[in-house]
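Trainee: I'm new to this one and would like to learn how to read it. Could you walk me through a few features?

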Amino acid sequence: MPIKLNKGLNLQIAGASQAKLGGSVAVGCCALVPDDFSGFQARPAVKEGDHLAVGDAVAYDKLHPELKLVSPVAGTLKSIVRGERRKILRFEIEADGSDNVKTATVPQNPDCAKAISLLAESGLLAFVRTRPYDIVPDPTVVPRDIFVSCIDSAPLAVSAVALTAGEASDSIKKGVKLLKAATAGKVYLCVGKDWPYGKIEGAELVEFEGKHPVGNPSVQIEAVAPVNKGDLVWTLSFDTLCRVGHFDATGKFDPSTLVAVVGPEIKQPKVLKTIIGAPIEPLLNGNLLPDDHHIRIISGNVLTGEKVGLDGYLHFPYRQISVIAEGDDKDELLGWASLSPSKMSNSSSFPGRFLKKLFRPDARIQGGRRAMIMSGQYDKTIPMDIMPEFLIKAILSRDIEGMEKLGIYEVAPEDFALAEYVDTSKLPLQKIVREGLDYLRKELQ
């Protein structure tokens with residue numbers, strides 16, 4: 001029997017793509033952004049002008065040098081772009097068109113320490129996140145369990161499972177095998193009803209049904225084996241699992257990714273094959289609607305993605321580009337108070353709430369920030385056994401004991417994305433949760 005979640009919300013946004021490959025885009029450069037990897041303190045492993053093969057280390061973690069970020073292309077490190085106080089903003093790598101790939105030796109049956117070491121050195125451990133704290137794992141700590149989310153329920157997301165067309169069976173099996181070696185506990189595959197691969201040896205299959213955020217790892221973990229104080233759990237996505245399987249089979253890092261180019265400002269929504277960290281412009285080339293108003297390009301989905309420009313790059317998790325109207329040049333009668341049926345809202349005060357149609361939202365906040373209203377809005381969007389409003393208050397007051405009691409160890413910023421969308425107080429909930437997790441980790445370590 002599937003686990004059915006009754007809370008949540010699916011946003012009805014125009015511009016979805018079908019789950020089929022619409023072509024591939026070769027790129028001449030790519031970028032790795034250390035800020036995409038929370039908890040990773042980047043230190044350059046190479047200098048500008050150095051030559052790299054696919055899988056060569058570009059950066060390592062300050063505290064755990066065995067933990068690496070690796071190059072998605074063979075080429076030259078073009079530049080290390082720095083910001084204030086010489087903070088590394090990104091590594092830009094120029095491809096040379098060669099197929100040089102670093103190959104590691106993967107033993108047949110590695111022990112736990114060796115399996116984690118292989119994942120760290122290969123760059124794949126940087127694609128994993130932990131509960132608690134939602135950060136890149138410490139390679140010296142063995143996880144209690146590992147959860148693989150094979151559901152992407154975010155707005156306009158395309159199912160990675162559907163895109164494989166049932167052809168990733170070997171990668172899944174080998175990926176589960178290596179992950180199983182890396183934990184003393186269980187490997188859970190959290191799947192939807194479209195799962196075509198059946199049972200996988202070494203993994204426990206858990207089926208979920210429901211609205212977004214049913215695909216969020218935190219929601220899945222809480223429903224299956226909740227995280228308590230002192231526990232450590234790894235989470236990763238289906239495409240990362242396939243990369244782990246590819247590495248186990250070949251000893252090579254697979255930099256390819258399938259990117260859904262979607263949104264109401266896209267002429268022809270499609271899925272493109274490219275590499276992680278690819279530049280945005282070639283992926284959108286000729287596919288934007290006429291430029292008669294301002295647009296916002298988002299690397300990721302509209303709830304949790306990163307705002308980028310045409311000169312920007314794909315950000316982790318490298319699976320989606322969403323394009324919507326900015327809205328700052330829009331002249332609308334009554335502004336946020338307009339009752340136009342074209343306005344997308346979850347509030348019953350707006351007629352659009354009751355219409356079965358696809359909307360074309362923009363990026364405006366639609367109102368000003370104000371004091372928190374204890375209305376129970378957050379509870380309707382978070383299918384977890386926590387009290388989100390009280391947790392946010394505990395974070396804002398830096399009440400460590402209160403945060404622990406109210407479930408901070410179980411959540412990640414993405415779990416509050418829908419609550420941020422419906423919040424009448426217009427609070428930056430994801431930013432608040434991220435700061436709370438970082439504060440708690442700093443104080444308790």
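Trainee: Let's start with charged side chains. Which side chain meets that of Arg-131 in a salt bridge, at 3.7 Å from N to O?

Mentor: Keep in mind that this is a predicted model. For a salt bridge, look for a side-chain nitrogen of Lys or Arg within 4 Å of a carboxyl oxygen of Asp or Glu. Here the partner is Glu-414, with 3.7 Å from N to O. Arg-131 sits in strand S10 (residues 129–131) and Glu-414 in the loop between helix H8 (400–405) and helix H9 (417–422), so this pair ties together parts 283 residues apart in sequence.

Trainee: Are those two buried or partly exposed?

Mentor: Check the relative accessible area: under 20% is buried, over 50% is exposed. Arg-131 has 1% relative accessibility, so it counts as buried, while Glu-414, at 28%, counts as partly exposed.

Trainee: Which residues are joined with Arg-131 in one network of salt bridges?

Mentor: Follow the shared partners. Asp-134, Glu-414, Arg-434, Asp-438 and Arg-441 belong to one network with Arg-131. One link is Asp-134 with Arg-131, whose closest N and O atoms are 3.2 Å apart. Asp-134 is buried too, because its relative accessibility is 16%. In total, the model has 22 salt bridges.

Trainee: What about a buried charge without a salt bridge: how far is Asp-36 from the nearest side chain of opposite charge?

Mentor: In such a case, look at what else the side chain touches. Asp-36 is buried and has no salt bridge, with Arg-129 the nearest side chain of opposite charge at 7.5 Å. The Asp-36 side chain does make a polar contact with the side chain of His-315, at 2.9 Å. On the chain, Asp-36 lies in the loop between strand S3 (29–32) and strand S4 (42–44).

Trainee: Now a helix. What do the buried residues of H1 pack against?

Mentor: Find the buried residues, then see what they touch. In helix H1 (residues 112–122) they are Ala-115, Ile-116, Leu-118, Leu-119, Ala-120 and Ser-122. They pack against strand S7 (68–70), helix H3 (169–181), strand S14 (233–237) and helix H5 (238–250).

Conventions. Residues are numbered from 1 along each chain as its sequence is written. This is a predicted model: local features need pLDDT of at least 70, side-chain atom pairs count only at pLDDT 80 or more; totals for chains, interfaces and linings use all residues. Side-chain values use heavy atoms; hydrogens and water are left out. Helices (H or I, at least four residues) and strands (E, at least two) are DSSP runs, numbered from the N terminus. Buried means under 20% relative accessible area, exposed over 50%, partly exposed in between (1.4 Å probe, protein chains only). Lys and Arg count as positive and Asp and Glu as negative; His and the chain ends are not counted. A polar contact is a pair of N or O atoms within 3.5 Å; within protein, one must be able to donate a hydrogen and the other to accept it, and residues adjacent in sequence count only if both atoms are side-chain atoms. Contact means heavy atoms within 4.5 Å.
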